[in-house]
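Subject: A structure for you to look at

Hello,

Here is the structure I promised to pass on. Please open it beside this email and follow along as you read.

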Amino acid sequence: MIVSIRKRATEACALLLIALAACSAPAEPVKMVAVDLTHEVDEHNEPRSARETFAPTSTIYASIATEGTGNATLTAKWTDPSGLVLADQTQTINPTKPQRFEFHIPPAADAHPLGRYKVVISLNGGSTRTREFEIRVTK
């Protein structure tokens, strides 16, 4: 009888230790899982409608989806059709769950010149995602 109780107590302790080890596993570091371009984001930085074509008067948003937790740095480098840097932006982030962040550029001098542009998003100076988009007259 005593052996049976000890055996069950040992099994229960082993299960408890396994459960605790699973709960204390290190968190996944932050990673980018998507970059969407849009003309509008909601209160959670979700894109209203992803697109690659914008009007000259549009404000252009890059909505970056992340997973994982911890401190990280996001950067966005926006360039015009000639390769001229329009904006170089940085955000320090500390997500605790899957989350979106945004960068945006308003139209320069009330309108973006027509052509193909791009934005390069990087995470901690390493992982990058490039999105190209076009400014054109829409009908």
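Which residue in β5 does Leu74 stand opposite? The residue opposite Leu74 is Gln91. Before we go further, a word on how to read this: the model is predicted, so local features need pLDDT of at least 70 and side-chain atom pairs count only at pLDDT 80 or more, while totals for chains, interfaces and linings use all residues. Residues are numbered from 1 along each chain as its sequence is written, and side-chain values use heavy atoms, with hydrogens and water left out.

**The overall layout**

Along the sequence the pattern is α-β-β-β-β-β-β-β-β. Of the 139 residues in the chain, 30% are buried, where buried means under 20% relative accessible area, exposed over 50% and partly exposed in between (1.4 Å probe, protein chains only).

**The sheet**

Five strands make an open sheet in the order β2-β8-β7-β4-β5, with mixed pairing; two strands pair if DSSP finds at least two bridges between them. β2 (53-54) and β5 (85-93) stand at the edges with a single partner strand each, so one side of each has no neighbour in the sheet. In general, strands of a sheet pair through backbone hydrogen bonds, either parallel or antiparallel.

Strands β7 (residues 115-123) and β8 (residues 127-135) run antiparallel and are joined by nine bridges. For example, Arg116 has Glu134 in β8 as its bridge partner. Asn124 sits in the loop between these two strands, β7 and β8, and has a positive phi of about 55° although it is not a glycine.

β4 (residues 72-79) also pairs with β5 in the antiparallel sense, over eight bridges. β4 and β5 form a hairpin with five residues between them, and Gly83 in the turn has a positive phi of about 95°.

**The core and its rings**

The largest nonpolar core has 23 residues, and those with the most contacts inside it are Ile64, Leu74, Trp78, Ile121 and Phe133. A nonpolar core here is a set of buried Ala, Val, Leu, Ile, Met, Phe, Trp, Tyr and Cys residues joined through side-chain atoms within 4.5 Å. Among the elements that give two or more residues to this core are β3, β4 and β8.

There are three aromatic pairs in the structure. Rings of Phe, Tyr and Trp (its six-membered ring) pair if their centres lie within 6.5 Å; planes under 30 degrees apart count as stacked, over 60 as edge-to-face and the rest as tilted. Phe54 and Phe133 have ring centres 5.8 Å apart and planes at 90°, so this pair is edge-to-face. Phe54 lies in β2 and Phe133 in β8, so the pair ties together parts 79 residues apart in sequence. Tyr117 and Phe133 have ring centres 5.5 Å apart and planes at 15°, so this pair is stacked. Phe54 is buried at 1% relative accessibility, Phe133 is buried at 1%, and Tyr117 is buried with a relative accessible area of 3%. Together, Phe54, Trp78, Tyr117 and Phe133 form one aromatic cluster.

Is Ser58 buried or exposed? Ser58 is buried, with a relative accessible area of 15%. Ser58 lies in the loop between β2 and β3 (60-67).

Happy exploring!

Key
Helices (H or I, at least four residues) and strands (E, at least two) are DSSP runs, numbered from the N terminus.
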